[in-house]
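User: I would like to learn how to read a protein model, beginning with the overall picture and ending with a single residue. Could you guide me through this one?

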Amino acid sequence: MSINVERKILIKKEVSIPANFNDPYMDIYFFVPKQAQKVGVVFSHERKISFPWIYPSLFDPNNYRGSQLKYIREGIAEYDLWVSRTESSKGCIPGEIPDGKWRVQLDITQLKGPEKGLIEIYYETGEQTGLIPTPYFDDRIINKTPGWYCGELHSHTKESDGELEVNAAIENAMSSGLDFFAITDHFTVSQWWRIDEPKLPDIVLLNSSEITSQKGHANIHGIKKWVDVFIDRDDWNANQAAEETHEQGGLFCINHVMSSLLGWRHFDFNWENADLFEIYHSLEGANNIPQIGIWDALLREGFRLIGVAGTDCHYPENEIEKLGKVVTWVHAKELSQKGIIEGLKNGNVFISFGPKIDFSIRNASGSTAIMGESIRCDGSPLKLSISVTSDKPFRVTIIKNGFFLHSISIESSQESPQVTEFVDNNPFSGYYRFELHDIKNNPTYRGIEWRDFTTIQALSNPIWVD
């Protein structure tokens, strides 16, 4: 709460962006005096049929203080960012207000010609009361029992471009039957400051964020502090952001890689820096098939990327964005943030629209490997064991090094897992995985065991063969 507030305007002007502006960011610097208790930025520009994209961020002399992102197709895009010791706007982080050189960063892309915007930068004086809030890091152990746990790894709140407040989104995830939940708001980690800890339900929260660059998006999970998400600069790129994520003990996930202008186009990215790969995305439709193909291509090259699903929920009332329709299942030592992060890293993971699956391979010497693991092979046959629990029949498609190997039809087995086995008499180095599909015939392509993004019901992760 502020008493005796007085506002001082530092900058109020039109921002001109020439049509040939090629830099990813435009910086506007300003100085904040010692007496300031609140700093704010109001920015607006006109968007014409989805273009251009201009998103403001705020930095104090030492730290990132927040961003705002709004997806509107046409009209005036308006942003209002502000921070004080005890409060902040959506997308921004409260805390001390240091004096000195601050800056506003405008993230600018998809220019179709010269653009103009209006910016006002101000500070306020006045006595501030109340405690400085702190971010929430989930260190609870919800369940100490090792086992399978399902969750959501891609969602948004009002801290960026989602519909729900943070705590409402958490309640929605809990009521959707999830065991763990990641809020991956664009650019920011302000959602960590909004969590109502005393009212927190028994669902594990991953400390996450979404890198929203001009050449692709990536989720980062299990981090301890904000990772610089602005990876389009010459002095900071996707590889460095991934390395920083790993230094914090987190995981780096490449998102919706084939999503046109939102797809992954960091062609100098070292794929050894990626941990997870979004192989199914609820809003991508047919793009999911080439995304799986790219995943296979990377797996063939030896990159051990764990496939995960993402609903990318913004508006949970939309049927396609409802949580719990497609989930990522993780086998973890315990239901905790640490347990889920370790489970994802280990790779005993699958995605599903309902069926529960399991997968293992046994070699001639009797050794067994599960998803995410490797098994030794001397050229002797390998026995693949596939377990499915579901209330309807499906077709299992076994993939070997990215290519079709075999298919098996299975009956419904809601009460207990149905286990089917297949022996590969000609194994060699690489990997196996399998897909579970609805049994569907396409009259146009008779004789083909039809598979597309609408028939996918579950996808396993690989087992590697050395």
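**Reading the chain**

Analyst: The chain holds four helices and 30 strands, where helices (H or I, at least four residues) and strands (E, at least two) are DSSP runs numbered from the N terminus. This is a predicted model, in which local features need pLDDT of at least 70 and side-chain atom pairs count only at pLDDT 80 or more, while totals for chains, interfaces and linings use all residues. Residues are numbered from 1 along each chain as its sequence is written, and side-chain values use heavy atoms, with hydrogens and water left out.

User: Is G66 buried or exposed?

Analyst: Buried means under 20% relative accessible area, exposed over 50%, and partly exposed in between (1.4 Å probe, protein chains only). G66, which lies in strand 5 (residues 64-67), counts as buried because its relative accessibility is 0%. Of the 466 residues of the chain, 57% count as buried.

User: Which residues does G66 contact, leaving aside its neighbours within four places in sequence?

Analyst: Contact means heavy atoms within 4.5 Å, and with those neighbours left aside, G66 is in contact with S57, L58, L81, G91, C92 and T188.
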